[in-house]
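Good morning, and thank you for coming.

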Amino acid sequence: MGKLIVIEGLDGSGKSTQTPLLAEELRAEGREVKVISFPDYPSESSALVRMYLAGEFGKRPGDVNAYAASSFYAVDRFASYAKDWKEFYEKPDSVIIATRYTSSNEIHQLAKLERDEWDGFVNWAEDFEYGKLGIPRPDMVLYLDMRYDIAMSLVTGRSETTGQKKDIHELDEAYMERCHKAAAYAVAKLGWERIVCYEENAPLPQDEISVKILEKVITLLDIA
């Protein structure tokens, strides 16, 4: 089997920037790398996710319960694995880099639940995706930790610059704040690698974040 590395983080944390940078660094070292991203928007398997985020099942995240919403995303991951990257992953020296994964469910859906339900939900999500559906468990999850107010400013700026509409998650600032608290819990409970991406009131330069990520990944791959 190859290695599955997940770049995780909430909106505005820099996932989409850091994933290709990491892939480029690993390819320069001669490693065989495939990049995947979730939701898999071009695929039909993401239809329910797209409907959910567009507000077709309700205009607020909580209008779809944590378990139903998680199922939308999990099935999309299963389809992607079965169709697009299972064979590559089974090669012994391959490296898969995923932008978002089961970890995104564990953050975003915890924010809909009461704190005393969190342990039970995480146990269910891990068993459902890795046990029942049989998708690979990551070898490493790197959580890009961007302070909440900085991240929200970056998301707003992106929306204004690109014209990209905010989804129902991004439109609900109270929900996004709860997601940051849920992420801190998940990092501690599940042993994710936390990459601090800010200093005081500003994001760190992209190259500094890249160095932090590469150090963690190279350690994993060299041990293997």
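Predicted model: local features only at pLDDT ≥ 70, side-chain atom pairs only at ≥ 80, totals over all residues.

Is W124 buried, partly exposed or exposed? W124 counts as partly exposed, at 28% relative accessibility; buried means under 20% relative accessible area, exposed over 50%, and partly exposed in between, with a 1.4 Å probe and protein chains only.

Residues are numbered from 1 along each chain as its sequence is written, and side-chain values use heavy atoms, with hydrogens and water left out.

Let me turn to the aromatic rings. The whole structure contains 15 aromatic pairs; rings of Phe, Tyr and Trp (its six-membered ring) pair if their centres lie within 6.5 Å, and planes under 30 degrees apart count as stacked, over 60 as edge-to-face and the rest as tilted. The ring centres of Y67 and W124 are 4.7 Å apart with planes at 70°, so this pair is edge-to-face. Because Y67 lies in helix α3 (residues 66-89) and W124 in helix α5, the pair ties together parts that are 57 residues apart in sequence. Helices here are DSSP runs of H or I with at least four residues, strands are runs of E with at least two, and both are numbered from the N terminus. Y67 is also partly exposed, with a relative accessible area of 33%. Elsewhere, ring pairs link F38, Y81, W85, Y89, Y101 and Y130 into a cluster.
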